[in-house]
Amino acid sequence: MKFNAKEYFKLSIIYTLVGAFPPVLQILVQPIIEGKNKLGAVEFSKMSIAETITSFVFVLAMYAMGNTISRFYYDYRNSKEKYNKLISTIFNAILLRGLLIFGLALLFGNYIGEIFHQKDLQNFSSYGYASIVIGINRAVNITAAALYRNEKKVITFVILNVILGILRSAFQIIGVFYFDMSFRGYVYGSAIGTSFTSVVIIAYTYYKSGIRLDLKILKEINKFARPLFQYGIISWGILFADRYFLEATPVDLGIYDMALKFTLGIQMIIQGLQGAVQPEVFRLMSDGIEKTQENIKKYINLFLAQTQLIIAILIIPVIIYINLSFNSKIKLSSLLITILFAKYILRTQYNAFSFLVYFLKKTRFFFYVNTIVLFVNITLNYFLVPRFHAYGAITAAYISEFTLLISIFLYQRKLSKIKWNLNKTLFFPISIVIIAIITEILKNIFSINNYICSGFIVLYILTSLTILYKTEILKIITKFTNR
């Protein structure tokens, strides 16, 4: 299988733009519901806690089925009967787990609310059940998106994401302005908006694949998914830790969470790029890793370069957007954008080196390394957040990401002798992150203008990419000039 640059760029552009569409709409919604006589930093902090509940339910209901359906697609695609059983079993399992979670919440919801400081959050029944519905819907929607990418049903993937983004954002606005001018209106709007697409997906799945729950298939996929699920729980714990420790200071949490909403856009873009590259890499690996490693490296290098370029392009516009669009203390979130965006360079490297581990089904590694990282992250948040607030949480996140990256890099080297270009895959991307950290520290010590610091990071990223990929850039220029 040859490296098809044209096909890859076409799919990566489609998946990136479409994957980014829902979070971009979310970003556009925030200024509409924020400001005087609307929602402020405290309400956004409550939305953040509701989102952590949603994320927890998502991890439980999903049970790593997004990655599972992507991997097992290649084992089952040649038999229509077995393939239909696989698809129906996966979606039915998600729904059954969702119903179980909802039942448990009805029994123990009041105890969940007691762990929070804010009175509104203590009343779990007023927002918690809607948060659970969102989590179940998210599990259905993301699993379907992963399936459609592997099946190369590009039009279906596009329609799903566009409709999901529009409905969710529209009902969030309706919920805030016509149901309750608080975080509850936002949560209920999200629950209603996401339910439409998940119901259609389930109906479509039943129509195409029937209503089945094959216990033999379930046992096989659960064996693969269990370590990834454990990894998901641990990752959620890392996500929840910073918000939990910041919840005692709602304004700080509201500012921090708004910055994270913008990083969600970066995360979705990365997932879009990953959705284009992962199926191609898996296809190459299925033909023999040693035989196809040169093409595998090309895909991985492009994946990393595209992510860094997108981060560089978006930093300044996002900072400008926040400063122009928000009126309350939420505006201070612009100061955190560069350092939070840079963190996703480490996450992309981690994803890139993980492909081999996923393909070889060595997923138990994720459980072991993330257990250690969870302990480290919670400990750091416990000591750093009370003193440094958002920067304490960011420090804990960076140390966790560095630990994950080094661990996955060393582990994949044991599994295969792929000769990576370490400048492209490891050293230069890490240098960007280190420069971003140093610049952030200097910015706060010497009160340097945020635009100057962010502009310097953008320039460094673009310069690094130009140096690293000068051969590829010259080839593209030559190709166009010779037309």
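## Packing of α15 and α16

Is the crossing of α15 and α16 left-handed or right-handed? In this predicted model, the two helices cross in a right-handed way. Helix α15 covers residues 422-446 and helix α16 covers residues 450-468. Two packed helices are described by the angle between their axes and the distance between the axes. For α15 and α16, the angle is about 165° and the axes are 10 Å apart. The two helices are therefore roughly antiparallel to each other, since angles over 145 degrees count as such.

On the α15 side, the contact is made by N423, K424, F428, S431, I432, I435, A436, T439 and K443. These meet N450, C453, F456, I457, Y460, I461, S464 and L468 of α16. By type, the contact residues divide into 10 nonpolar, five polar and two charged.

Q308 is part of helix α11, which spans residues 289-325. Its relative accessibility is 3%, so Q308 counts as buried. Leaving out residues up to four places away in sequence, Q308 touches I345, P429, I432, I461 and L465. Among these, I432 and I461 also belong to the contact between α15 and α16.

V433 lies in helix α15. With a relative accessible area of 0%, V433 is buried. Its contacts, again without residues up to four places away in sequence, are A342, I345, L346, Y398 and F402. V433 and I311 are 122 residues apart in sequence, and their C-alpha atoms are 12 Å apart in space.

## The largest nonpolar core

The largest nonpolar core has 147 residues. Those with the most contacts inside this core are F91, Y256, F262, M285 and F366.

For F366, the contacts beyond neighbours within four places in sequence are L228, Y231, Y350, S354, V357, Y358 and I408.

## Two residues with positive phi

Most residues other than glycine have a negative phi. N37 has a phi near 60°, a positive value. N37 is found in the loop between α1 (5-33) and α2 (41-62). Its relative accessible area is 70%, so N37 is exposed.

Y63 also has a positive phi, near 50°. Y63 is placed in the loop between α2 and α3 (65-76). Is Y63 buried or exposed? At 13% relative accessibility, Y63 counts as buried, because the cut-off is under 20%.

Definitions and conventions: Residues are numbered from 1 along each chain as its sequence is written. This is a predicted model: local features need pLDDT of at least 70, side-chain atom pairs count only at pLDDT 80 or more; totals for chains, interfaces and linings use all residues. Side-chain values use heavy atoms; hydrogens and water are left out. Axes are lines fitted to C-alpha atoms, for helices over the stretch in contact, and angles run from 0 to 180 degrees between N-to-C directions. Helices (H or I, at least four residues) and strands (E, at least two) are DSSP runs, numbered from the N terminus. Angles under 35 degrees count as roughly parallel, over 145 as roughly antiparallel, 65 to 115 as roughly perpendicular and the rest as oblique. A crossing is left-handed if the near helix is turned anticlockwise from the far one by less than a right angle, and right-handed if clockwise. Contact means heavy atoms within 4.5 Å. Ala, Val, Leu, Ile, Met, Phe, Trp, Tyr, Cys and Pro count as nonpolar, Asp, Glu, Lys and Arg as charged, and the others, Gly among them, as polar. A nonpolar core is a set of buried Ala, Val, Leu, Ile, Met, Phe, Trp, Tyr and Cys residues joined through side-chain atoms within 4.5 Å. Buried means under 20% relative accessible area, exposed over 50%, partly exposed in between (1.4 Å probe, protein chains only).
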